[in-house]
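Hello,

Here is the structure you will be taking over. Please open it alongside this email; my notes on it follow below.

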Protein chains: 2
Amino acid sequence: MPSKVTIATVARHANVSRQTVSNVLNSPDVVRDETRARVMAAIEELGYRANLAARQMRTGRSRLIGVRIDPARNGIESSVLDRFLHGLTETAAPAGYRVVLYTAADDDNEIATYDDLLAAYTLDAFVLTHTHYDDTRTAWLRQRQIPFTTFGRPWGAPDLHSWVDVDGAAGTAAATRHLIAAGHRRIAFLGWPPGSAVGDDRRSGWQAAMQAAGLPTDGLARHAPDGVGEGERLAREVLDQPDPPTAAVCASDPLALGAWRTRALAVVGFDDTAVAQAVGLSSIRQPLAEAAAECVGTLALLLGDNPTTAPRQATAGGRSTDPDMHHVLLTPRLVVRDSG
Amino acid sequence: MPSKVTIATVARHANVSRQTVSNVLNSPDVVRDETRARVMAAIEELGYRANLAARQMRTGRSRLIGVRIDPARNGIESSVLDRFLHGLTETAAPAGYRVVLYTAADDDNEIATYDDLLAAYTLDAFVLTHTHYDDTRTAWLRQRQIPFTTFGRPWGAPDLHSWVDVDGAAGTAAATRHLIAAGHRRIAFLGWPPGSAVGDDRRSGWQAAMQAAGLPTDGLARHAPDGVGEGERLAREVLDQPDPPTAAVCASDPLALGAWRTRALAVVGFDDTAVAQAVGLSSIRQPLAEAAAECVGTLALLLGDNPTTAPRQATAGGRSTDPDMHHVLLTPRLVVRDSG
């Protein structure tokens, strides 16, 4: 390995003290212009880069962001947050951050992990996913003034922190309007049991679009846990009634795939998973790379970094410039294929 | 936040010098038993945890492992390495490591990123994925004596470093034998163009199993880039000849899904993706969580950590105890569904 360039090397090269080099890096204002220029030239020439340990001791900043990933799963849905993670990794690096991963089984477990990560690695911030009703994680972080943002709204709680989310209701409303435009009048909604915030939101979009078109929704909503088998069962249930539906808007691709197996319904799924793409299922696509970039931009604002690394939304009209009040709601996109 | 417990706090509590606390943490042998016990009791009682910066300054170890993820993609296949990553994150934490992510477009780009990560974060080690012919990354790391292991063999190169891989040829051989046992005699192979190491390996398993059964392979192998459309095209091509096949072993699930669309072939895919599970495609499943655990175990050996964190294979008969020569080849499993 080439010999390491240290502050001492830079100091010798620029013929100044180590303290002066340290000042140039951390408090450049106290150094005379001519000296600062000489030190910067030496840094440039020698390719000096402060290492994490030294920089962290000086600045208290690690440039590491913690993000949870789920335990290994095999489901169709697991790809959504993976796509978000890919986007986060890609956009964090140019903004000067790296992503550190952890897993957690529930809120308490995740909070214990924050504690570990902060003690062991002094992470700068967290990006939380899976926000839900009665989420205890955000209060814990706020109390300790640890910077974070969430991918997901603070469901059922006041807006006390920054967040980025995708407007699920807008997605299912677009799917419903698309099916109405195709001539369907009896359109079912197949979703998860009430109480899942994201599921409730997706159902509300279908309901609103049906009402706006003057179409009834009574008896047309069915709920079950996620899964292809459940989707098929719900579809058969809703078809097995007088005046059955001809189409269904679904809260997920597995439910939609199950409903489509009946060959008796036009269907639209949600999340545009690889499965939807492979079998020709119409689905609603979340802008996950954009959501990830927004999260990184929000963190850069929270951490007081150069706003040039923040995304365009940070300065868009109507949005607050207080980073704690930085809320971004992105609109998903309907991808139409064979199924509806 | 509760006031931070530092080495000084521990020293006061145990009524020893800071140097003694530091010795207990870093060179316990030089401390008398009675003193060591008192310091350990204070550490326990106060809940002291060395933070990364301080510990790294002392030990030169960051307890961070670098892993690449691919740029965001939408394909069916992207889930395979994500599943590996989930396993890696889960097994690294109990072994005392955290995973730091990066992306890279090619070998040169990845090597430049190693340089950045080592300078900025002093990573302890890397887990490389996507090994291929003429891989320049491993030589770069070896020259600099940076610990690493690869998920993937050093294709076409001598075994100069530790690796973990899945035996793709064993997987396609098992699929071929399964189809033969079901009565098929004309079995095609649909794969990627020769020169992709992983693809060549998967083809060789089909070829060997056919030869072992005394069955011909001439004219039964077809190659194209990955994709559902390509799979369907290759299947039609191979069906459109005298004495057409009745089954096909495929190098991937997208190729298999395309071939299955013809409804004229029994098919087995590779990787057991969510798509295979959703549509009932037989496929070969890589033990990705196990592969990830093996990689973490190998790194623990390379980094000289307590061998109790190393996997069982490290002590299995016939395997070398030299961590640089630690090679693990796992066997995939055929999952039979509707398609073949």
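Helix α9 (residues 197-212) of chain A lies across β6, β7, β8 and β9 (266-270) of that chain, and runs at about 175 degrees to β6(A). Please keep in mind that this is a predicted model. Another helix of chain A, α11 (residues 253-260), lies across β6, β8, β9 and β10 (282-285), at about 165 degrees to β9(A).

The strands under discussion belong to an open sheet of six in chain A, with mixed pairing and the order β7-β6-β8-β9-β10-β12. At its edges are β7 (221-223) and β12 (333-335) of chain A, each of which pairs on one side only. Ignoring direction, neighbouring strands in this sheet are turned by 20 degrees against each other on average.

Within the sheet, β6 (residues 187-191) and β8 (residues 247-250) of chain A run parallel and are joined by four bridges. One pairing to look up is A188(A), whose bridge partner in β8(A) is A248(A).

I also looked at α9 in chain B. Its 16 residues (197-212) should span 22 Å at 1.5 Å a residue, and the end C-alpha atoms of α9(B) are 23 Å apart, so the two values agree. The buried residues of α9(B) are V198(B), D201(B), R202(B), R203(B), G205(B), W206(B), A209(B) and M210(B). Their cover includes α8 (168-181), β6 (187-191), β7 (221-223), β8 (247-250) and β9 (266-270) of chain B. Just after α9(B) comes G214(B), with a positive phi of about 70 degrees.

Regards

Key:
Residues are numbered from 1 along each chain as its sequence is written. Chains are lettered from A and ligands numbered from 1 in the order in which they are written. This is a predicted model: local features need pLDDT of at least 70, side-chain atom pairs count only at pLDDT 80 or more; totals for chains, interfaces and linings use all residues. Two strands pair if DSSP finds at least two bridges between them. Helices (H or I, at least four residues) and strands (E, at least two) are DSSP runs, numbered from the N terminus. Axes are lines fitted to C-alpha atoms, for helices over the stretch in contact, and angles run from 0 to 180 degrees between N-to-C directions. Two residues are in contact if their C-beta atoms, placed from the backbone, lie within 7 Å. The expected span of a helix is 1.5 Å times one less than its number of residues. A residue is buried if 20 or more other C-beta atoms lie within 10 Å of its own, exposed if 12 or fewer, and partly exposed in between; C-beta atoms are placed from the backbone.
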